[in-house]
Amino acid sequence: MKNLKKDLLSIYDLSVEQIWGLVSSARKLKKSKYSDKLKNKTIGLIFEKPSTRTMVSFETAMVQSGGVPLVLDTQKLQTKRGESIYDTSKVLSRYLNALVIRAFKHEFVAEFAKYCSIPVINALTDFEHPCQILADLMTIIEKFNIKSVKELKKLKIVFAGDSNNVFNSWLAISAVLGLNFVQLGPKKYFPKKDLLQKASEYAKKTKAQILISNDINDVKGANVIYTDVWTSMGNEKEADVRKKEFKPYQVNVDMLKKANKNCIVLHCLPAVRGQEITEEVMALQEKNIFDQAENRLHIQKAIMFALIK
């Protein structure tokens, strides 16, 4: 695997070879729980938004690799009192070996990356969630025993839901790898034109098949159905409207009947059971969904091993 860029802010920062390399590395790391790969290394975690899987997986990955994670409370940092990101970045670069940031605005993370001399990892912004999608891809590769990108392209992956940060990363990885990817959702919530344009430019080179549709029948033949909450953090005021708009795209048994017989369901969690996914499907697909959650731990290790020198 060729060296990664200094930071991981977007799936578009990665090549096909690098994506495959990170997943392959994570799968090997999954077999051996502990190492001293990050001994005497320290990462800082700045989380503006609530987190369970991302926070705990990064902390645990660091501890199991011999390093130390430091949770940096945004309410206690001097940025709360107006210190510039420039000054904060320069100082943290002297103390830490990497910085993991979960933020409301992507620009916040990008500005840290601009001024930090250490790697900055996007742990979720309003724009993308690259660490999540790499773990998702790892799960799909495991479940279907995929041996190559060529084999991966034979699968049909359907994302039922909102054009949120998780979708954006799925759109990006599909375009980069050349996957068969469908989004199902109401026209009102279709992706932004600039994001589709960028994906289309990659798709021309990789032969990716990308379809954005409001027709539930386009789930036909799906090998993977993926969903996420209808109302992301920051959009709570729209919750009632979104429940009505997205109801036809709920992942339920009827939707699964339209998909391929071997279809698996994935959810990045947390799930609002009874909304985007039914209790019944959650129960049927529990192993796949919690294996997916576990893989966050292994992919975080692979990312940190690749970035931290």
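1. Let's start with a word you'll need: a residue is buried if its relative accessible area is under 20%, exposed if over 50%, and partly exposed in between (1.4 Å probe, protein chains only). By that cut-off tryptophan 170 is buried, because its relative accessibility is 0%. Phenylalanine 181 is buried too, at 0%.

2. A quick word on the model: it is predicted, so local features need pLDDT of at least 70 and side-chain atom pairs count only at pLDDT 80 or more, while totals for chains, interfaces and linings use all residues. Residues are numbered from 1 along each chain as its sequence is written, and side-chain values use heavy atoms, with hydrogens and water left out.

3. Now the rings. Those of Phe, Tyr and Trp (its six-membered ring) pair if their centres lie within 6.5 Å; planes under 30 degrees apart are stacked, over 60 edge-to-face, and the rest tilted. That rule gives ten aromatic pairs here. One of them is tryptophan 170 with phenylalanine 181, stacked at 6.1 Å centre to centre with 10° between the planes.

4. Next, a cluster: ring pairs tie together Phe159, Phe167, Trp170, Phe181 and Tyr226.

5. Have a look at tryptophan 230 and phenylalanine 246 as well: this pair is stacked, with 6.1 Å between centres and 20° between planes. Tryptophan 230 is buried at 3% relative accessible area, and phenylalanine 246 is buried at 0%.

6. Finally, a charge sits over a ring if NZ of Lys or CZ of Arg is within 6 Å of the ring centre and within 35 degrees of the ring normal. Lysine 37 lies over the face of phenylalanine 305, 6.0 Å from the ring centre.
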